[in-house]
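Look through the structure shown here before reading on.

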Amino acid sequence: MGKITISTLDKMKASGEKFVCITAYDATFSRIISEVGAEAILVGDSLGMVLQGHDSTIPVTISDMAYHTQCVCRAEPKSLVIADLPFMSYTTTQQAMESATQLMQAGAHMVKMEGGTWLSDTISSLVERGIPVCAHLGLTPQSVNTFGGFKVQGRTPKEAKSILADAVEIQDAGASLVVLECVPSHLAADITRKLDIPVIGIGAGRDTDGQVLVMHDLLGLSQHTARFVQNFMEDQSSIAGGLRAFVDAVKAGRYPQEEHTYN
């Protein structure tokens with residue numbers, strides 16, 4: 001696998017080839033994930049839960065994210081590295097610039113932000129200054145207290161229309177990727193068809209251009225997992241084998257199955 005860029009993912013979307021994203025937080029797993037063929041690595045604020053032991057991503061700081069992004073990037077993975085901007089680190093365009101600068105200087109190729117149309121001006125400003133953006137719609141974990149828990153989004157016609165409108169506006173603002181989390185599969189399929197940019201799903205059905213899972217979840221290490229999680233360590237003798245099984249399943253269309261999706 002050569003060095004993966006956003007242009008690589010654009011070409012894969014155009015050709016209908018599925019791509020894979022897996023979270024990583026250190027150099028060792030970054031290297032392995034790249035070696036098994038995942039096109040993207042997400043340095044997720046999920047580290048707050050799987051590494052730090054919190055019950056949400058809210059306590060994670062920009063310093064935490066910069067440190068773990070540096071660790072991941074020292075492995076020099078061929079995968080595209082996306083780093084999360086954590087809770088309340090992009091409330092204004094100026095703050096977003098400063099936070100994104102830290103992650104890009106730590107080695108990230110792109111930053112990810114949770115939110116809809118209110119982020120349009122910020123996305124445009126970041127992209128104009130050479131910082132690629134991945135947007136995150138649907139269930140946005142940083143808003144868990146607003147949602148009243150980790151709940152599926154977009155089930156009503158009004159919610160679905162709003163998420164689609166957000167996706168289109170965010171694309172128009174200059175975002176290069178969109179993550180859809182915990183939305184009905186038919187809505188994710190509709191958004192994927194209507195957007196020119198690649199769409200990554202997590203709990204969003206099989207019709208998105210790519211799939212992402214938290215590494216600890218797919219390796220069967222997490223105590224509590226969502227409906228969309230499959231343990232890929234079953235029948236595997238090594239961690240690399242489990243990670244490769246996820247990559248292979250996505251590319252072959254064997255994951256996600258119906259039981260991993262929401263209607």
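**Reading the model**

Cys134 has its closest cysteine sulfur in Cys21, and at 8.0 Å the distance is too far for a bond. The cysteines come up again at the end.

This is a predicted model, in which local features need pLDDT of at least 70, side-chain atom pairs count only at pLDDT 80 or more, and totals for chains, interfaces and linings use all residues. Residues are numbered from 1 along each chain as its sequence is written, and side-chain values use heavy atoms, with hydrogens and water left out. The term pLDDT stands for the predictor's confidence in each residue, from 0 to 100. For the protein chain its mean is 96, and 99% of the residues reach 70 or more. Confidence is lowest in helix α7 (residues 144-147), with a mean of 70, and highest in strand β3 (residues 80-84), at 99. Helices (H or I, at least four residues) and strands (E, at least two) are DSSP runs, numbered from the N terminus.

Now to the sheet. Eight strands close into a barrel with parallel pairing, in the order β1-β2-β3-β4-β5-β6-β7-β8. Two strands pair if DSSP finds at least two bridges between them. On average, neighbouring strands of this sheet are turned by 25 degrees against each other, direction ignored; axes are lines fitted to C-alpha atoms. Strands β7 (residues 199-202) and β8 (residues 210-213) run parallel and are joined by two bridges. Opposite Gly210 in β8 stands Ile200.

Helix α9 (residues 185-194) contains Thr192. Is Thr192 buried or exposed? With 7% relative accessibility, Thr192 counts as buried, where buried means under 20% relative accessible area, exposed over 50%, and partly exposed in between (1.4 Å probe, protein chains only). Not counting residues up to four places away in sequence, Thr192 touches Lys13, Val199, Asp207, Thr208 and Asp209. Contact means heavy atoms within 4.5 Å.

A nonpolar core is a set of buried Ala, Val, Leu, Ile, Met, Phe, Trp, Tyr and Cys residues joined through side-chain atoms within 4.5 Å. The largest one has 87 residues, and those touching the most other members are Ile22, Met113, Leu180, Leu213, Leu243 and Phe246. Beyond its neighbours within four places in sequence, Leu243 contacts residues including Ile22, Ile32, Met215 and Leu219.

Back to the cysteines. The whole structure has zero disulfides, a disulfide being a pair of cysteine sulfur atoms within 2.5 Å. For Cys73, the nearest cysteine sulfur is that of Cys71, 9.5 Å away. Cys73 is buried at 16% relative accessibility, and Cys134 is buried with a relative accessible area of 1%.

Definitions and conventions: Axes fitted to C-alpha atoms, helices over the stretch in contact; angles between N-to-C directions.
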